[in-house]
Amino acid sequence: MKKEIHPRPDIDERLVRPFREMEDVLSLSCVVGDAMERCNIMHPDIKPRAADKKIIGPAITVKLTAGDIVDCLAVYQVARPGDVIVIDAFGEIETSIWGGLMSGLAHNGGIAGAVIDGSCRDTDEARLLGFPISAKSVGPRASHTAYSGRQEPIEINAPVVCGGVLVRPGDLVIADEIGVVVVPSDRLTEVYKLAREQADREEETRRAIMAGATVEDLLARFGRI
């Protein structure tokens, strides 16, 4: 693989927008994961490493090569405002493939966030920018690109595996302080309906608990806790 850049997928913002409007929902990754019956949830070591901010948006994917990790500058040729950059770095924790300058470029481009099955660095800079990153690890070791000048092998907008989950370009990515979930693009309408119902039910349950409801009361009323 040299450098392959596939076109940005067609993304229907009308199907993405309702999820963005759920940003204030508590434990959003849990709610959406429940709506998918616990499927499409990334490994729990993919955690927030910078800004305390949810990530919600369609995936623009990056596939790197194990043992030859390069900077993914080519992603900016296709990423658009609101997109989430999802990087398959094969779980490499020693070499960071996302740093402060990448965060600056992404912030200026309106990118919603980055999710990395690998390492990032310069998280202090990302935090100052308010740019959210979820990644497997954090460490100071850079990729070789700044020294070698190489930006390949890399593939943009091909199916990748990130955190143990298959992510296709255009799939919806949701990340918060708890974890990361992926909604397949062909299930957005179905999953949103279930997630919205779940979020509303949980809020009603919280109010009932604060009013003194018992476990028995909750099970009788909601059928679950």
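This is a predicted model: local features need pLDDT of at least 70, side-chain atom pairs count only at pLDDT 80 or more; totals for chains, interfaces and linings use all residues.
Residues are numbered from 1 along each chain as its sequence is written. Local features need pLDDT of at least 70 and side-chain atom pairs count only at pLDDT 80 or more, while totals for chains, interfaces and linings use all residues, and side-chain values use heavy atoms, with hydrogens and water left out.

Helix α2 (residues 28–35) has 6 of its 8 residues buried, so it is largely enclosed by the rest of the structure. The buried residues are L28, S29, V31, V32, G33 and A35, and they pack against β3, β10, β11 and α6.

Two packed helices are described by the angle between their axes and the distance between the axes. Here, axes are lines fitted to C-alpha atoms, for helices over the stretch in contact, and angles run from 0 to 180 degrees between N-to-C directions. The axes of α1 (residues 13–20) and α6 (residues 188–210) come within 10 Å and cross at roughly 20°, which makes α1 roughly parallel to α6; angles under 35 degrees count as roughly parallel, over 145 as roughly antiparallel, 65 to 115 as roughly perpendicular and the rest as oblique. The contact (heavy atoms within 4.5 Å) is made by L15, V16, P18 and F19 of α1 and by L188, T189, V191 and Y192 of α6. By class, this contact has 7 nonpolar, 1 polar and no charged residues, with Ala, Val, Leu, Ile, Met, Phe, Trp, Tyr, Cys and Pro counted as nonpolar, Asp, Glu, Lys and Arg as charged, and the others, Gly among them, as polar.

Helix α6 also packs with α7 (residues 215–222), at an angle of about 150° and with the axes 11 Å apart; α6 and α7 are therefore roughly antiparallel to each other. Their contact is made by R201, E204, T205, A208 and I209 of α6 and by L218, R221 and F222 of α7, and its residues divide into 4 nonpolar, 1 polar and 3 charged.

Most residues other than glycine have a negative phi, and most peptide bonds are trans. In the loop between α2 and β2 (47–48), E37 has a positive phi of about 55° although it is not a glycine, and is exposed, with a relative accessible area of 68%. N40, which lies in the loop between α2 and β2, has a phi near 60° and is partly exposed, at 25%. A cis peptide bond, with omega about 10°, joins E152 and P153, and P153 is found in the loop between α5 (145–148) and β7 (154–156).

Note on methods:
Helices (H or I, at least four residues) and strands (E, at least two) are DSSP runs, numbered from the N terminus. Buried means under 20% relative accessible area, exposed over 50%, partly exposed in between (1.4 Å probe, protein chains only).
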